[in-house]
Structures are given as C-alpha cells and as structure tokens.
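These are my notebook entries on a structure that I looked up. I set down each item in the order in which I examined it.

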Amino acid sequence: MSKNKFLFTFYLSLILLSLSVFCLHLLILYLFGFPLLDHMIVLAYLLNVVLALIIFSVLYWFREKLRDQIGFLFLGGSMLKFLFFFLVFYPFYNADGNMESLEFTTFFVPYLVCLLLETFFTARMLNS
C-alpha cells in the first residue's frame with residue numbers, strides 16, 4: 001500500500017467509524033430517553049477525532065526516523081488525550097461534585113474508538 005494511501009485509509013476509517021459510533025451513541029441515548037446533545041458529546045467526538053488525526057499523523061511522519069520510540073510517542077499521545085479530558089471535560093463533568101456514568105461514557109466511548117483504531121493502524125504501520 002502506498003504511503004499516502006495508508007494515511008488516507010486511516011483518516012477515512014477514523015472519520016467513518018467515529019461518525020457511525022456517534023450516530024449509534026445518539027440512538028442509544030434516544031432509546032433510553034436521555035438528552036441527545038448533553039455533556040458536550042459533540043465536542044468529545046470532535047476533539048478525540050482531531051487528536052487521533054494529529055497523533056497518528058505524527059507517528060506516521062516519524063515512523064522511520066524514530067522507529068524505536070513509536071511506542072513511547074503513542075503512549076504520549078494517549079496521555080495528551082487524557083490531559084485534554086482533565087482540562088476541558090472534567091471541570092464541566094465534576095462541577096456538581098459528582099461525575100455521572102453518562103458523562104464519563106460521553107468522553108470514553110469516542111476515546112476508546114479512536115484509541116482502538118490508532119492501535120490497529122499503528123501496529124499495521126510498524127509491521128509493514
């Protein structure tokens with residue numbers, strides 16, 4: 001697979017999978033009678049997708065030069081996402097002194113989806 005095609009495949013997969021999971025997430029909220037756009041759900045998905053795009057692009061660009069450090073860069077990217085969680089979402093979610101499971105899943109579902117796809121593509125990149 002050509003270099004640009006691999007990166008494009010990641011971008012397309014990330015966007016399509018995140019959009020699908022977002023729609024499924026909204027459907028589940030709707031079916032259970034929860035408000036659809038509460039808890040900064042749109043920002044959670046957008047931020048996770050944008051960070052995944054940036055992090056994977058950095059990993060991809062440095063895949064040859066820093067091959068032995070890709071794992072550490074990957075972990076650093078995950079820590080960056082958690083930093084954004086604690087800076088952007090946690091103060092809002094914990095404003096009442098209690099973080100509800102609905103608030104947590106609003107951030108964690110897109111985080112997990114992006115992390116799994118990043119992991120899959122990073123492994124493929126390193127194995128090629």
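Entry 1, a loop. I began with His39, which is found in the loop between helix 1 (3-31) and helix 2 (41-61). Helices (H or I, at least four residues) and strands (E, at least two) are DSSP runs, numbered from the N terminus. I noted that the model is predicted: local features need pLDDT of at least 70, side-chain atom pairs count only at pLDDT 80 or more, and totals for chains, interfaces and linings use all residues. Residues are numbered from 1 along each chain as its sequence is written, and side-chain values use heavy atoms, with hydrogens and water left out.

I then looked up the backbone. His39 has a positive phi of about 65 degrees, although it is not a glycine. Is His39 buried or exposed? I found a relative accessibility of 17% for His39, so this residue counts as buried; buried means under 20% relative accessible area, exposed over 50%, and partly exposed in between (1.4 Å probe, protein chains only). Met40 is also placed in the loop between helix 1 and helix 2. Its phi is positive too, near 60 degrees, in a residue other than glycine. Met40 is partly exposed, with a relative accessible area of 23%.

How many aromatic pairs does the structure hold? I recorded 22 aromatic pairs. Rings of Phe, Tyr and Trp (its six-membered ring) pair if their centres lie within 6.5 Å; planes under 30 degrees apart count as stacked, over 60 as edge-to-face and the rest as tilted. Phe85 and Phe107 form a tilted pair, with 4.7 Å centre to centre and 45 degrees between the planes. Phe85 lies in helix 3 (residues 70-93) and Phe107 in helix 4 (residues 101-127), so the pair ties together parts that are 22 residues apart in sequence. Phe85 is buried at 6% relative accessibility, and Phe107 is buried with a relative accessible area of 2%.

A nonpolar core is a set of buried Ala, Val, Leu, Ile, Met, Phe, Trp, Tyr and Cys residues joined through side-chain atoms within 4.5 Å. The largest one has 25 residues, of which Leu14, Phe56 and Phe89 touch the most other members. Helix 1, helix 2, helix 3 and helix 4 each supply at least two residues of this core. Helix 2 gives the most, with nine residues.
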